[in-house]
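Let's walk through a structure together, one question at a time. Have a look at the sequence and the model first.

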Amino acid sequence: MRKQAVVQMKCAFAVALVAGIAFAAPAAAQKFPTRPITFVVGFGAGGGADVFARAISEAAKTALPQPIAVENRPGAGGTAANAYVAGRPADGHTILFGHAGSSVITPIITNQPTLKWDNFQPVARIHAEEEWLMVHPDSPWKSVKDLVAYAKKNPKKVRVAGSAIGGIDSFVILSWEKAAGIDVEYIPHEGGGPAILAFLGRNAEVVVGNVSEFFQHVEAKKMVPLAVASEKRSPIFPNVPTLKESGADVVMVQWRSVFAPKDTPSDRVGALAQAFRKAMEAESWKTFNRNAKAVDVYLGPAEFQKFLAAEEQRFTKIIDELGLRKK
């Protein structure tokens, strides 16, 4: 009887231990985040990156027990933010805005592999927007062919405002210049907001970027869409031709995403990815997407990593064809 009692006590202890672990695991997981999360954006206020970050952070209020605060750290085509986040603790409380320019293109061009996407932990790809060329309502160019004809006769006379060199905006123009055989003056700014202000101030004849940045100005008749750098015409402005239709095979889409510092624990990366996925169901996010004319293209950590590897391969080829890689 005594031996049987000891066995029973051991079994009870084992059951209690397993149960304790089972209850402790969720409790430990619920501790993250323990303080507000900082979402670092490498571009100034008012541009597409900033607007996106604030919209998804607002939507995530229903998905996380702590708020997400956007912190703007513009500079170096978005990679100043990369450098900052790379030095932050890998605990999930600091996350990074990422897109093709800051996470893939600029680090390749500048030969700074420590700032490239694979030196961070991919969390999630959220949404995407098409790239557009806009002109003034009184522009003498009513089509891309008109603009190209003028640019060929007048090198460097067409000023194009966009985000920093290395961003997707600049890649649209660089690729278009090569395909069309023209030479324009690209004027870089630290984000779409400053580029739009320069354009509206008549310091540029053309501005390149996303509809989320432009739509209110199009509705106010302060700018007119001239072309879109997409595979086919956009339902947003179905009468506006693609650059491909003018003979320039330039297709660029601006995707926006979230990264964490390298070595951030996988359970925290997973918690963040799930939170952003849930945030995308919030009514505030759906309203933002409708107004921004953007589409959700969510990818979780594993799928996003595969996508990034393919994007790096694609853009590396374009960079080398354009001879942009710094020695």
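## A covered helix and its surroundings

The model here is predicted. The buried residues of helix α4 pack against α3 (79–86), β3 (94–99), α6 (168–180), β9 (253–261) and α11 (301–322).

Q: How many of the ten residues of helix α4 are buried?
A: Helix α4 covers residues 100–109 and is mostly covered. Its buried residues include Ala 100, Val 104, Pro 107 and Ile 109. The count of buried residues in α4 is ten of ten.

Q: Which residue with a positive phi follows α4?
A: Helix α4 consists of residues 100–109. After α4 comes a residue whose phi is positive, near 55°, and that residue is Asn 111.

Q: Is Ser 257 buried or exposed?
A: Ser 257 is found in strand β9, one of the elements that the buried residues of α4 pack against. Buried means under 20% relative accessible area. Because its relative accessible area is 0%, Ser 257 is buried.

Q: Which helix joins β1 and β2 in a right-handed β-α-β unit?
A: Strands β1 and β2 pair in the parallel sense. Together with a helix of residues 48–59, they make a right-handed β-α-β unit, and that helix is α2.

Methods
Residues numbered from 1 in each chain as written. Predicted model: local features only at pLDDT ≥ 70, side-chain atom pairs only at ≥ 80, totals over all residues. Heavy atoms only, no water. Buried < 20%, exposed > 50% of the residue type's maximum accessible area, 1.4 Å probe, protein only. Helix = DSSP H or I, 4+ residues; strand = E, 2+ residues; numbered from the N terminus. Contact = heavy atoms within 4.5 Å. Pairing = 2+ DSSP bridges. Right-handed = clockwise from strand over helix to strand, strands pointing away.
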